Amino acid sequence: MDIKTSPEAIGLRIKELRKKNNETQYDLANAIKCNQNNISKIEKGGSLTSVNLIAIANHYNVSLDYLCKGEGGIDLIDTLTKYIHYKFKKCNSINFNAKKIHIPLIEINSSFYNYLRQISLAKSTSEMPKEIRENWINQANEEFIKEIEKDNYDNYASFYIIEESVLNNNSDISSQLENLISE
């Protein structure tokens, strides 16, 4: 096991974050809804569950990459750039007001996209019993953390962003978009 990803190293990063934010173990325990003894164990490398890690990452607004591997920016924006890319694709096949346009393209890491999709589905399924929904979310969290550990950042889902005004003012846009997607 890499020394940066050892449970003790993770615990130390959590302790450093807590101290940097002038919090006691009791303060952190209240914030993530556990007891102070559990925080003590976490800071020594024990009790490192996905639920605890996600709660701590959310509380301190840091990434799981930072907590688990000590990599990436300590802030969320730096980390999101690993998962989400935004660029423009020049589209010769789409005309808007007789001009060639550049279409915004968002690429989302496939693991992150699947994680967001699972969480969204679980939260939007209101008729599902709460316990099953929570288990579904916890399972999605566990799977995402496993994917982060694989350090696989080369598989992305792509989404084109088309402004509503372009769609509403161009009746031929559907066929043009189909050509774009097949390029």
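This is a predicted model: local features need pLDDT of at least 70, side-chain atom pairs count only at pLDDT 80 or more; totals for chains, interfaces and linings use all residues.
Local features need pLDDT of at least 70, side-chain atom pairs count only at pLDDT 80 or more, and totals for chains, interfaces and linings use all residues. Residues are numbered from 1 along each chain as its sequence is written, and side-chain values use heavy atoms, with hydrogens and water left out.

**Exercise 1.** State how many helices and strands the protein has, and give their pattern along the sequence.

Solution. 
- Step 1: Helices (H or I, at least four residues) and strands (E, at least two) are DSSP runs, numbered from the N terminus.
- Step 2: The protein has 10 helices and 3 strands.
- Step 3: Along the sequence the pattern reads α-α-α-α-α-α-β-β-α-α-β-α-α.

**Exercise 2.** Describe helix α1: its length, its buried residues and what they pack against.

Solution. 
- Step 1: Helix α1 covers residues 7-20, which is 14 residues.
- Step 2: From first C-alpha to last, α1 reaches 20 Å, close to the 20 Å expected at 1.5 Å a residue; the expected span is 1.5 Å times one less than the number of residues.
- Step 3: Buried means under 20% relative accessible area (1.4 Å probe, protein chains only), exposed over 50%, and partly exposed in between. In α1 the buried residues are Ala9, Ile10, Gly11, Arg13, Ile14, Leu17 and Arg18.
- Step 4: These buried residues pack against α2 (25-32), α3 (36-43), α4 (50-60) and α5 (64-69); a contact means heavy atoms within 4.5 Å.
- Step 5: After α1 comes Asn22, with a positive phi near 50°.

**Exercise 3.** Find the volume of the largest pocket and describe its lining.

Solution. 
- Step 1: On a 1 Å grid over the protein atoms alone, a pocket is an open set of points where a 1.4 Å probe fits, with protein on both sides within 12 Å along at least five of seven lines; lining residues have an atom within 4 Å of a point.
- Step 2: The largest pocket holds about 480 Å³ of space.
- Step 3: It has 22 lining residues, and those closest to its centre are Ile54, Asn58, Leu64, Tyr115 and Asn141.
- Step 4: By class the lining has 15 nonpolar, 6 polar and 1 charged residues.

**Exercise 4.** Name the helix that gives the most to the lining of the second largest pocket.

Solution. 
- Step 1: The second largest pocket has a volume of about 280 Å³.
- Step 2: Of its 14 lining residues, Ile10, Leu53, Cys68, Ile145 and Glu149 are closest to the centre.
- Step 3: α1, α4, α5 and α8 each supply at least two lining residues.
- Step 4: The helix asked for is α8, with 4 residues.

Key
Grid points are joined across faces, edges and corners, and a volume is the space filled by probe spheres set on the points. Ala, Val, Leu, Ile, Met, Phe, Trp, Tyr, Cys and Pro count as nonpolar, Asp, Glu, Lys and Arg as charged, and the others, Gly among them, as polar.
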